[in-house]
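Let's take a friendly walk through this model together.

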Amino acid sequence: MTSEAVLVAAALAGAASRHFGGPAAIEGLRRESGGASRQTWSFDAVVDGKRHELILRRDPPTTTGDQSGSLPRATEFRVLRAAFESGVRAPEVLFELSAEDGLGDAYVMRRIGGIAIARKLLRDPPYAAARRKIAGQLGAIAARIHAVDTATLPPLAHRQSADVIASLRGNLDALGTAHPVFELALSWLDRRKPMPIARPVLVHGDYRTGNYLVDETGVTAILDWEGAHLGDPVEDLGWVCIKSWRFGSIDKPAGGFGSREEMWAAYESAGGGKVDPARAHWWEVFGTVRWGIICHTQAYKHLSGALKSMEMASIGRRAVETEFDLLQLLKEAS
């Protein structure tokens with residue numbers, strides 16, 4: 001084991017022992033790939049002969065880059081707990097670690113079966129039956145998320161359309177270079193802002209392929225809740241449809257698995273509100289701008305020397321894809 005893994009195992013043994021009420025042996029500890037802003041560790045805690053399959057979520061020991069848009073771990077823990085208790089397909093959170101454990105802000109949740117790797121989900125034979133269900137499942141699960149009683153949630157930011165446009169403009173200006181397509185799209189968004197909704201709801205904030213687990217039966221759990229906030233429910237429905245999250249299956253806007261209309265119908269049948277196609281299109285344009293600016297921001301971190309990273313450099317190259325996507329989306333709306 002690496003020195004970091006030894007530290008993590010020791011901390012988890014103490015925290016799990018407190019939670020389960022008996023000495024815990026940590027087995028199968030491994031760092032999962034992905035997640036530049038969050039660490040995910042998979043492990044088993046064996047207590048009195050019973051095996052608990054678990055996941056640790058923690059901030060990295062040294063945080064790089066801007067984390068201002070992400071929830072603190074303690075807040076994310078409480079959002080997940082409220083979502084799970086409301087019947088959302090989300091992991092069950094069990095306990096938070098204390099300062100004495102030495103791992104910083106972190107919590108533990110139950111491990112759920114399934115994979116999140118888009119290329120496997122979209123192409124591999126074991127998931128053929130699931131592929132026919134996922135678009136509808138995404139709609140139904142989104143309706144459940146948006147129905148979570150906001151009184152059960154911790155304090156969250158409330159983001160309206162004007163707020164998110166202003167945030168994107170600030171991020172774009174910070175790059176210090178001209179990006180005409182994004183400026184055009186931001187102006188389009190500003191002129192066509194949807195009316196604020198009467199009752200803001202829980203919005204996942206990163207509801208897309210790659211952030212949920214799937215097995216042969218379909219979606220098993222929604223992951224990565226650090227972007228949760230209060231706002232317009234259609235934001236989630238627009239974000240999951242941007243072309244970058246279809247991973248090559250561009251003719252199936254709902255995450256690469258089905259049509260928008262299929263997802264919307266399932267959303268409405270599960271108790272979500274009636275989806276206005278024009279509003280959904282606005283949020284899809286917004287999501288495409290958002291992802292494109294994120295791509296540029298990641299590239300800037302690498303090119304400026306602030307954080308040398310091949311991953312960030314490669315993400316930066318994808319910005320041109322979003323520019324092309326935006327021009328198509330704006331043409332469709334004209």
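Which residues does Ile 145 touch, not counting residues up to four places away in sequence? They are Val 88, Leu 202, His 204, Tyr 207 and Trp 225. Please keep in mind throughout that this is a predicted model.

Ile 145 belongs to helix α5, which runs over residues 134-146. Its relative accessibility is 0%, so Ile 145 counts as buried. The cut-off behind that word is a relative accessible area under 20%.

Val 201 is 56 residues from Ile 145 in sequence, while their C-alpha atoms are 8.5 Å apart.

Ala 11 sits in helix α1, residues 3-20. With 6% relative accessibility, Ala 11 counts as buried. Once neighbours within four places in sequence are left aside, Ala 11 is in contact with Asp 101 and Leu 103.

His 52 is found in strand β3, residues 50-58. Because its relative accessibility is 8%, His 52 counts as buried. Setting aside neighbours within four places in sequence, the contacts of His 52 are Phe 20, Phe 43, Asp 44, Ala 45, Val 47 and Arg 110.

## Helix α7

Helix α7 covers residues 180-191, and its end C-alpha atoms are 17 Å apart; at 1.5 Å a residue its 12 residues should span 16 Å, so the two values agree. Which residues of α7 are buried? They are Val 181, Phe 182, Ala 185, Leu 186, Trp 188 and Leu 189. These residues cover an arc of only 160° around the axis, which puts them on the same side of α7.

On the other side of α7, you will find Pro 180 and Arg 191 exposed. The buried residues of α7 pack against α6 (161-175), α10 (277-303) and α12 (319-333).

Now move on to α12, a helix of 15 residues. From its first C-alpha to its last, α12 reaches 21 Å, close to the 21 Å expected at 1.5 Å a residue. Its buried residues are Ala 319, Thr 322, Asp 325, Leu 326, Leu 329 and Leu 330. They lie on the same side of α12, because they cover an arc of only 135° around the axis. The face turned away from that buried side carries the exposed residues Val 320, Phe 324, Lys 331 and Glu 332. Cover for the buried residues of α12 includes α7, α10 and α11 (310-316).

How do α10 and α12 cross, and within what distance do their axes come? The axes come within 9 Å and cross at roughly 160°, which makes α10 roughly antiparallel to α12. The crossing is left-handed. Among the α10 residues in this meeting are His 281, Val 285, Trp 291 and Cys 295, and the α12 residues include Thr 322, Leu 326, Leu 329 and Ala 333.

## Helix α9

Helix α9 spans residues 260-269, and its buried residues are Met 263, Trp 264, Ala 266 and Tyr 267. Their arc around the axis is only 165°, so they are on the same side of α9. Glu 261 and Ser 269 are exposed on the face turned away from the buried side.

What covers the buried residues of α9 includes α5, α8 (234-239) and α10. After α9 comes Gly 271, whose phi is positive, near 105°.

Most residues other than glycine have a negative phi. Asp 48 has a phi near 50°, a positive value in a residue other than glycine. Asp 48 is in the loop between β2 (39-47) and β3, and at 71% relative accessibility Asp 48 counts as exposed.

Phe 247 also has a positive phi, near 50°, and is a residue other than glycine. Phe 247 lies in the loop between α8 and α9. Is Phe 247 buried, partly exposed or exposed? At 28% relative accessibility, Phe 247 counts as partly exposed.

Terms used: Residues numbered from 1 in each chain as written. Predicted model: local features only at pLDDT ≥ 70, side-chain atom pairs only at ≥ 80, totals over all residues. Heavy atoms only, no water. Helix = DSSP H or I, 4+ residues; strand = E, 2+ residues; numbered from the N terminus. Buried < 20%, exposed > 50% of the residue type's maximum accessible area, 1.4 Å probe, protein only. Contact = heavy atoms within 4.5 Å. Expected span 1.5 Å × (residues − 1). Arc of directions from axis to C-beta. Axes fitted to C-alpha atoms, helices over the stretch in contact; angles between N-to-C directions. Parallel < 35°, antiparallel > 145°, perpendicular 65-115°, else oblique. Left-handed = near helix turned anticlockwise from the far one by under 90°.
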